[in-house]
Amino acid sequence: MNPPAGVDIIDANDFKVWKLGLAGAPATLYEGEKFQLEFNFGPNYPLESPQVLFVGDNVPIHPHIYSNGHICLDVLYNHWSPVQTVASICLSLQSMLSSCTSKERPPDNATYVKTARSNPKHTAWAFHDDTV
Amino acid sequence: MNNNSTARKQDQDQEEPLYDPRGLQYVEPSQTSLQCSVCCEYFTEPVSAPCGHTFCLGCITQALEVSPGCPLCRTKINPNALYDVIALSRICDELMVYCPHKSLGCDHVCQRVQIGQHLKDDCIYIGTLCRVEECRKKLLKKDLSEHMESCPYKRVDCLMCNTKVQKSQLQEHHKTCPAESVTCPHCETTRTRLRHMEHIQECPKQIVPCTLSEFGCPWTGPRFDLTATHIPQCPYEAIRGFLEQNKQRVESLEQENKHLRTIFHDLRPQVQLLRDQIGSLSESIQLMTGPGSFGDSMHGFVDTNQYQYHSQQGAPSRAHGAILGYDSNGAENELHGLERSGSGLGTVGDTHELLISENERIRSEIETLTAGLASLELKQNMAIMTESMRMQEEVQSLRAVCHGLRMQMHYLLLERQNPHGPSPPTGGGGGGGVSNSGNNGPGIKTHGPGTSSGGRPLSTSGPPRPRFSDGLGRQDTKL
């Protein structure tokens, strides 16, 4: 598989966990930054979404990304469709980062990080912001 | 013919499905327009939804179970509205694929629709099982005929007895084949093995032991010598009657011993159970009476009983030890048996005596145990009876006290209801003294029964005053 631009494969040796590198797109707030993504595929993939989160030291500072790596993005949860691929998810994430106008954490970051479970799919997400 | 067809049927039952249609390797793998967007493979049984999107039948059925919309455009899809796309199905079936056994060496390439036929009939790289029932080795079809030549489970004829024998066991078979000729090791005559088995029973030159060897006769010699020379002079033959009688007796004693032993083992848990019961009973009695004399005496009784019981338990193992010791070193043990009658007789006599004494011991143990059980039961009954009498008395006295209290309460209630009695100044004064008497009055009344029952020990000694203030306190905490 050829990864799309800005994405490189760190570890994709089995069908359970993949680690990818994501580079901030040029001419955006994240230009030059490097992030790490972890994909956990369940036995029902692609019928059910994989568990996707940012890992490593550098979790992007973004109004929809919590400091524990959890991502508030509808296509990862209730708007998942089985036609989506790892490449299409990476593309969605890159566009989410690129359209950001101010680098800040979500307003409820502190409480969420304290209470959230490790699997973001267990969180009841409310998707409200279509602009970013 | 018939056999052959059933064997083939079994083969097919046991084989795995011929191939995984989704694991096929295509000659041209990247015509994405012919691929399902869910599984990213070429379409298998393609179906279209009313929205115009096409998926494999399996993919879309599974996807609709999870979420009812089209995976591509999210339009709602009724599973019954899916329809086959026959032309696309044909195009995909005509795609060229490699044989799934390419890695094993099969370089066959054909249309996808024909691959099943190839695997079933032509492919010699497909796995199969050896036809021989006992072997069932997994191998490739191309290696089957070679394997059949050397299969260790293949049947071959034994040339001697004309039966079919597995190839691997032919050597072994020759050692037991009934038609093989065998030479008798004693008289050096030769006959077939079948006959030899009969012959060995009566070969005059075979070395046999004395018929009374079980009683200790050490003689061995050729069979013809046994009846001719040995039997007339065998010392054991002289006392044969006695020996056999003794043997019977020992056997019956052993039987009885075994029987007694099982009885003993059955009784043991019962004793344990009773002891536990008594222990818990005496504990509960002690709890009820405090450090009374009765509980102590019961404990004492249980203790002594325990001691007796343990000493009894030691006995059978000691007796057992004696028997073992005797077996290993008969000469050392019980010398008087030897003195009485030669070494062989001594053996029988000693075992005999030991068995009797052990028997006796077990019997006496059982008797003591039964007696102990009876006395335990008696004492337990007595204890329960005494205790229940005491309890009854105590209940009686409590009942009397209760009655007294009830009378007192009754009197107090009467007094309260009647304002002209000698106490109304106290009760009324109390009610008036408190600032918000309108609030307190009903409050006290509703709390009346609760207060009187809760403060009963107080009311026996004190006038209504303290009871009233008690009720007030409750009202306060409630507010």
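Select chains A and B together: the area buried between chain B and chain A is about 760 Å², and carbon and sulfur atoms give 68% of this area. Buried area here is the accessible area (1.4 Å probe) that two parts lose on being put together, summed over both. The model is predicted, so to speak of local features requires pLDDT of at least 70 and side-chain atom pairs count only at pLDDT 80 or more, whereas totals for chains, interfaces and linings use all residues. Residues are numbered from 1 along each chain as its sequence is written, chains are lettered from A in the order in which they are written, and side-chain values use heavy atoms, without hydrogens and water.

Next, display the residues in contact (heavy atoms within 4.5 Å): chain B contributes 10 residues and chain A contributes 8 residues. Two kinds of pairing may be examined here. The rule finds 2 residue pairs in polar contact across the interface, both at pLDDT 80 or more; a polar contact is a pair of N or O atoms within 3.5 Å, where within protein one must be able to donate a hydrogen and the other to accept it, and residues adjacent in sequence count only if both atoms are side-chain atoms. The count of salt bridges between the chains is 0, a salt bridge being a side-chain nitrogen of Lys or Arg within 4 Å of a carboxyl oxygen of Asp or Glu.

Finally, select B:Ile60. Not counting residues up to four places away in sequence, B:Ile60 touches B:Val47, B:Phe55, B:Pro71, B:Ile77 and B:Leu82.
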